[in-house]
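Please read the points below alongside the sequence and the coordinates.

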Amino acid sequence: MSSYIGGWILEEFLLCIFISLIIGYGYAVKRSNQTYRKWPLYRVVCWILGVICIAISVIGPIAQASHENFIWHMAGHLLLGMLGPIFLAVAAPMTLLLRILPVQAARRVTRVLRSRILRFYTNPLVATIINIGGLWILYTSPIYEMMLHSTIIHVLIHLHVFFVGYLFTISLIYIDPVPHQVSFLNRTIVFVIALAGHGILSKYIYATPPNGVDPLQAKIGGMLMYYGGDAIDLIIIIILFYQWYTSTRPRTTAVSIT
């Protein structure tokens with residue numbers, strides 16, 4: 001069996017999942033609007049864009065090309081592990097879910113969100129170590145080459161890249177409920193560390209191609225990782241500092257003159 005993640009049966013299965021995610025989110029929005037204030041349209045758009053980013057990174061032409069060409073692989077990495085998770089995080093799926101769940105079910109979900117294990121993994125430093133550290137292991141060990149020859153490893157790596165990318169995003173920008181809140185200063189410091197780790201790795205790939213990767217493709221892929229990653233990280237920077245600004249700006253109160 002080919003190790004390409006876009007094998008026909010798997011592609012059909014994943015396509016059904018992605019369509020279901022969009023339909024399910026739309027249904028949840030409809031339910032929410034019947035009880036609460038209208039759900040923002042931009043969140044719906046972000047959800048659709050996020051699902052599309054994930055979808056085109058694992059099925060279709062880009063996924064097919066990424067299995068043979070490191071440049072397309074890196075493009076898929078940016079979509080799957082960085083841009084897609086940002087769109088999904090801004091869509092606030094957990095907030096929407098809590099809106100439509102019955103009270104008892106919502107309380108159970110809230111207890112899970114406040115659990116110690118989620119407190120640990122949503123800590124920005126922990127999420128950064130798992131995210132950036134995982135990429136270093138992938139591209140500086142035989143795992144990348146193994147992924148090209150094993151469907152199971154290929155799927156597991158893609159799942160890991162997405163979930164740790166999403167975990168990293170929600171640990172930095174608080175849109176959905178989080179188990180604990182870390183100060184903006186601490187999150188910014190951790191984010192700078194993550195930027196450095198990602199940037200250094202891209203330069204390492206440029207100079208030292210992963211096993212089985214053509215040197216020219218490694219150079220272009222490393223440049224794409226460096227500049228493309230910075231462009232996507234700029235979105236997080238804008239959101240993070242906008243949240244910081246709105247949380248600290250003085251609130252004006254109306255003064256009545258009698």
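1. Helix 4, helix 8 and helix 10 each contribute at least two residues to the lining of the second largest cavity. Here helices (H or I, at least four residues) are DSSP runs, numbered from the N terminus. A cavity is a set of points, on a 1 Å grid over the protein atoms alone, where a 1.4 Å probe fits but cannot get out, and lining residues have an atom within 4 Å of a point. The model is predicted: local features need pLDDT of at least 70 and side-chain atom pairs count only at pLDDT 80 or more, while totals for chains, interfaces and linings use all residues. Residues are numbered from 1 along each chain as its sequence is written, and side-chain values use heavy atoms, with hydrogens and water left out.

2. The second largest cavity has 13 lining residues, and H73, G76, H77, L80 and H158 lie nearest its centre. Helix 4 provides the largest share of this lining, 4 residues. The volume of the second largest cavity is about 110 Å³, a volume being the space filled by probe spheres set on the points, which are joined across faces, edges and corners.

3. By composition, the lining of the second largest cavity comprises 7 nonpolar, 6 polar and no charged residues. In this scheme Ala, Val, Leu, Ile, Met, Phe, Trp, Tyr, Cys and Pro count as nonpolar, Asp, Glu, Lys and Arg as charged, and the others, Gly among them, as polar.

4. In total, 3 cavities of 30 Å³ or more are counted. The largest cavity holds about 170 Å³ of space. Its lining consists of 21 residues, of which G81, M82, N131, F168 and H198 are the closest to its centre. Two or more lining residues come from each of helix 4 (70-90), helix 8 (124-140), helix 10 (151-172), helix 11 (184-207) and helix 12 (215-248).

5. Which helix gives the most to the lining of the largest cavity? Helix 10 does, with 6 residues. The lining of the largest cavity divides into 12 nonpolar, 8 polar and 1 charged residues.

6. On the cysteines, the structure contains 0 disulfides, a disulfide being a pair of cysteine sulfur atoms within 2.5 Å. C46 is in no disulfide, and the nearest cysteine sulfur, that of C53, is 10 Å away. For C53, the closest cysteine sulfur, in C46, is therefore too far for a bond at 10 Å.

Methods. 1 Å grid on protein atoms, 1.4 Å probe; cavity = no way out; pocket = protein on both sides within 12 Å on 5 of 7 lines; lining within 4 Å.
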